[in-house]
Amino acid sequence: MGNRLSKIATRTGDDGSTGLGDGSRTGKDSARVHALGEVDELNSFVGLLLCEDMPPDLREELVSIQHDLFDLGGELCIPGYQMIKDEHVARLDDLLEKYNADLPTLKEFILPAGSRAASTAHVCRTVCRRAERAIVALSKQDTIHPQPRQYVNRLSDLMFVLARVLNRFAGGSDVLWNHERKRGQGVADGK
């Protein structure tokens, strides 16, 4: 790649367009750029999650996922190019199986809460779902490979499982949704 990033402020995007990896230009509001931005935001939140205390093997796996997400952004940046393949999706399936194996069966919905690490994993999950929606929207306008969509779909599931793992790692457990609580108690009488 050489010195591609030696000049950060190029001013070529001042007109509302941006360059893609194949040299073409598109609007910054295009579906492709929107999907790229969502994946970039997801990768940033995974980086934030990596600031938390966690098991070393999980840390290594999340760093690997960050690299995959960067590759996914590269694939989205170059129409027709493929970087995310079936083996990337299969690796996430393996991680899902590994981390879900020791978790108790859920009988109730859980809240996106608990430890800060778990809560950050839940933020990653929701941003991942948004990235997935953006990739699906892009696929309705342009041809893209199925693996990016599959990858983010699996990754959001993995982030849900990892939130549960991280709550246990911090000494806590799932924060269950209490659907039978009294709603609005204390609000109506001004308390």
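Angles under 35 degrees between axes count as roughly parallel, over 145 as roughly antiparallel, 65 to 115 as roughly perpendicular and the rest as oblique. Axes are lines fitted to C-alpha atoms, for helices over the stretch in contact, and the angles run from 0 to 180 degrees between N-to-C directions. The structure is a predicted model, in which local features need pLDDT of at least 70 and side-chain atom pairs count only at pLDDT 80 or more, while totals for chains, interfaces and linings use all residues. Residues are numbered from 1 along each chain as its sequence is written, and side-chain values use heavy atoms, with hydrogens and water left out.

## Overall architecture

The chain contains five helices and two strands. Helices (H or I, at least four residues) and strands (E, at least two) are DSSP runs, numbered from the N terminus. In sequence order the pattern is β-β-α-α-α-α-α. Of the 191 residues of the chain, 37% count as buried, where buried means under 20% relative accessible area, exposed over 50%, and partly exposed in between (1.4 Å probe, protein chains only). Contact means heavy atoms within 4.5 Å. Among contacts between residues at least 6 apart in sequence, 72% join residues at least 24 apart.

Two packed helices are described by the angle between their axes and the distance between the axes.

| Helix pair | Axes come within | Crossing angle |
|---|---|---|
| α1 and α2 | 9 Å | roughly 170° |
| α2 and α3 | 12 Å | roughly 155° |
| α2 and α5 | 12 Å | roughly 155° |

The crossing angle of α2 and α5 makes α2 roughly antiparallel to α5. The α2 side of this contact consists of Leu-58, Leu-62, Ile-65, Asp-68, Leu-69, Leu-72 and Glu-75, which meet Pro-148, Tyr-151, Val-152, Leu-155, Leu-158, Met-159, Leu-162 and Leu-166 in α5. By class, the residues of this contact are 13 nonpolar, no polar and two charged. Here Ala, Val, Leu, Ile, Met, Phe, Trp, Tyr, Cys and Pro count as nonpolar, Asp, Glu, Lys and Arg as charged, and the others, Gly among them, as polar. The crossing of α2 past α5 is left-handed; a crossing is left-handed if the near helix is turned anticlockwise from the far one by less than a right angle, and right-handed if clockwise.

Helices α2 and α3 are likewise roughly antiparallel to each other, and α2 passes α3 in a left-handed crossing. Their contact joins Asp-57, Leu-58, Glu-61, Ser-64, Ile-65 and Asp-68 of α2 to His-88, Arg-91, Leu-92, Leu-95, Lys-98 and Tyr-99 of α3. It comprises five nonpolar, two polar and five charged residues.

Helices α1 (residues 31-49) and α2 (residues 56-77) cross at roughly 170° and are therefore roughly antiparallel. On the α1 side the contact includes Arg-32, Ala-35, Leu-36 and Val-39, and on the α2 side it includes Leu-62, Gln-66, Leu-69 and Phe-70. The contact of α1 with α2 has 12 nonpolar, four polar and two charged residues.

The buried residues of α2 include Leu-58, Glu-61, Leu-62, Ile-65, Asp-68 and Leu-69. Among the elements that cover the buried residues of α2 are α1, α3 (86-100), α4 (116-141) and α5 (146-169).

## Helix lengths

The expected span of a helix is 1.5 Å times one less than its number of residues. The 22 residues of α2 should therefore span 32 Å, and its end C-alpha atoms are 32 Å apart, which agrees. Helix α1, with 19 residues, reaches 27 Å from its first C-alpha to its last, close to the 27 Å expected. Buried residues of α1 include Ala-31, Arg-32, Val-33, Ala-35 and Leu-36.

## Individual residues

Gly-23 lies in the loop between β1 (17-19) and β2 (25-27) and counts as exposed at 62% relative accessibility. Gly-23 and Ile-78 are 55 residues apart in sequence, with a C-alpha to C-alpha separation of 8.7 Å.

Arg-149 belongs to helix α5 and counts as partly exposed at 32% relative accessibility. Leaving aside its neighbours within four places in sequence, Arg-149 is in contact with Glu-132, Ile-135 and Val-136. The C-alpha atoms of Arg-149 and Ile-135, 14 residues apart in sequence, are 6.3 Å apart.

Gln-150, also in helix α5, counts as partly exposed at 25% relative accessibility. Leaving aside neighbours within four places in sequence, Gln-150 is in contact with Asp-86 and Val-89.
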